[in-house]
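The sequence and the structure are shown first.

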Amino acid sequence: MSTFIPGPPPERGLFCNRTLNLRAIKAVGYDMDYTLIHYHVEAWERRAYEHIRDRLVEQGWPVADLSFDPELSMRGLIIDTEKGNLLKANRFGFVKKALHGTQAMSFEAQRDEYARTIIDLHERRWVFLNTLFSLSEACIYAQLVDRLDAGQLPGPMGYSDLYEHVRKNLDATHMQGKLKAEIIADPERYVIDDPETPLALLDQRNAGKKLLLITNSEWAYTEPMMHFAFDRHLPEGMTWRQLFDVVIVSARKPEFFTTRSSLFEVVESSGEALLRPHSGPFKPGTPYFGGSAVELERHLGLSGDQILYVGDHMFGDVHVTKNVLRWRTALILRELEDEVRSIASFRATEARLAERMVVKERLEAESCQIRLELQRRRFQYGPRTEAPTEAELVARQATLRTELESLDAELGPLARAATELSNPIWGLLTRAGNDKSHLARQVERYADIYTSRVSNFLFATPFVYLRSPRGSLPHDPSLPGGTPVFGANEAGAGGASGADGGE
């Protein structure tokens with residue numbers, strides 16, 4: 001009797017950039033927020049937005065009427081703090097879409113501003129939206145740019161000054177803890193319950209892997225949130241703290257992975273969490289504060305590709321761990337589920353678009369050949385034929401022009417619909433026009449695997465061998481108009497066999 005379990009729906013696959021044998025992984029580290037625990041994004045970001053706005057109102061800014069727009073920003077966009085613009089760039093760093101404040105820039109304005117600009121995220125001018133926590137920040141900044149341009153904000157102030165003010169107030173919102181206190185008080189409103197996540201971690205633990213929790217959240221937030229999300233789904237008598245071999249809070253990522261810092265034990269006393277300096281080996285069941293990845297590796301007796309780290313922050317969780325420690329990396333992109341479903345719903349239109357592009361490219365090729373033939377006759381060089389006559393060639397060129405104009409009128413709405421999938425302003429997370437987005441390039445470069453949620457490991461088992469697909473190049477077989485969204489082997493398009501969702 002077969003015990004094979006069907007794979008997950010395509011949107012819940014594990015997508016593999018670099019081959020990863022999970023059997024060779026000895027320890028799996030996890031971030032908490034938007035990784036082990038997922039939030040209702042709009043509910044969380046709306047409250048974060050409102051906290052920032054209300055602080056600005058208290059400072060005398062005329063912004064009480066502003067409200068959160070969930071479609072105005074998305075992960076992977078870039079804020080140009082010098083110009084007050086919100087940008088989407090392709091993998092090469094060229095700007096493909098731009099808003100000034102909340103208004104779309106015209107093609108001409110965008111070309112004049114960015115035609116000679118290649119975005120380099122090492123420059124302070126650019127702020128990359130690494131995580132879903134960035135959405136409220138980007139939204140209110142774009143709206144405030146409109147107010148600044150209208151002369152409605154205190155001044156004098158430039159776009160960079162405005163961004164720093166928004167950032168300062170966002171940091172203060174988190175430091176004061178009011179927002180997190182609201183989450184703790186009403187977790188049902190903000191947290192998406194996923195009983196499969198604890199089961200996936202139980203599978204990994206019982207398969208012999210050490211489990212690590214490394215989060216920037218403080219203990220006072222981590223403990224109640226993990227209790228809410230995990231304990232009711234664990235075997236009777238077991239708590240989330242027994243699931244993890246090491247728990248580190250207030251880790252200060254990415255510095256946790258790049259520097260050395262003092263490690264403290266979190267000591268619970270009379271309902272309060274106190275800190276005590278730690279020395280020696282880690283103690284079972286004791287949560288820790290701070291520390292460093294180097295110290296953790298020494299405790300585990302593991303390093304490099306023996307450890308897999310799973311997180312949602314493009315830079316703080318994935319980029320740094322890959323670059324500095326050479327840990328294996330997994331990026332959590334919850335938006336991927338909507339993205340894959342949107343692409344699937346567009347398949348019929350995509351096929352129609354590809355079919356009409358075949359016709360367009362054939363007509364364009366004929367038009368180019370006629371133009372070249374007329375040029376050679378005019379300047380009397382190269383091989384030439386007497387037939388058809390020049391008049392016949394000119395007439396055929398005019399016919400082709402009419403056919404191409406008609407075809408463009410048909411293709412325009414189809415192409416426009418392709419750019420509005422998932423988000424009417426920005427389109428797909430992983431696309432910028434017909435190219436990969438800047439985010440997709442980073443995912444490809446730094447994330448060994450990526451997926452929409454931790455519980456997707458449940459479908460793959462702790463013993464899976466994830467294989468990356470054959471890399472594609474422009475000269476590989478493809479449909480006219482670019483590489484198609486779906487390859488010939490649709491069966492592997494979303495499964496753990498390693499389809500590249502960034503493609």
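In strand 8, Q103 is the bridge partner of H100. This pairing belongs to a predicted model, in which strand 7 and strand 8 (residues 103-104) run antiparallel and are joined by two bridges. Two residues lie between the strands of this hairpin, and G101 takes a positive phi near 65° there.

On the other hand, strand 7 also pairs with strand 6, again in the antiparallel sense, and here five bridges join the two strands. Within this pairing, A89 stands opposite V95 of strand 7. The hairpin of strand 6 and strand 7 has five residues between the strands, and in that hairpin G93 has a positive phi near 90°.

## Domains and their contact

The chain is divided into three parts, with domain 1 made up of two segments (10-38 + 191-333), domain 2 covering 41-185 and domain 3 covering 346-428. Between the C-alpha centres of domain 2 and domain 3 the distance is 40 Å, and the two domains touch through eleven residues of domain 2 and six residues of domain 3.

The size of an interface is often given as the accessible area lost when the parts come together. For domain 2 and domain 3 the buried area is about 700 Å², with carbon and sulfur atoms giving 65% of that area. On the side of domain 2, E71, M74 and K88 supply 61% of the area buried against domain 3, which is more than any other three residues supply.

Which elements give two or more residues to the side of domain 2 that touches domain 3? They are strand 6 (85-89) and strand 7 (95-100), the two strands joined by five antiparallel bridges. Sorted by class, this side of domain 2 has seven nonpolar residues, one polar residue and three charged residues.

Although charged residues are present on the side of domain 2, the count of salt bridges between domain 2 and domain 3 is zero. Polar contacts do occur between the two domains, the count being four residue pairs, with both residues at pLDDT 80 or more.

Elsewhere in the description of strands, ten strands form an open sheet of mixed pairing, in the order 1-20-17-16-3-11-12-15-13-14. Strand 1 (15-16) and strand 14 (272-277) stand at the edges with a single partner strand each, so that one side of each is left without a neighbour in the sheet.

Within this order, strand 11 (residues 210-214) and strand 12 (residues 246-249) are paired in the parallel sense over three bridges, and L212 stands opposite V246 of strand 12.

How values were computed. Residues numbered from 1 in each chain as written. Predicted model: local features only at pLDDT ≥ 70, side-chain atom pairs only at ≥ 80, totals over all residues. Heavy atoms only, no water. Domains from an automatic or database assignment. Contact = heavy atoms within 4.5 Å. Buried area = accessible area lost by both parts, 1.4 Å probe. Salt bridge = Lys/Arg side-chain N within 4 Å of Asp/Glu carboxyl O. Polar contact = N/O pair within 3.5 Å; in protein donor to acceptor, adjacent residues only side chain to side chain. Helix = DSSP H or I, 4+ residues; strand = E, 2+ residues; numbered from the N terminus. Nonpolar A, V, L, I, M, F, W, Y, C, P; charged D, E, K, R; others polar. Pairing = 2+ DSSP bridges.
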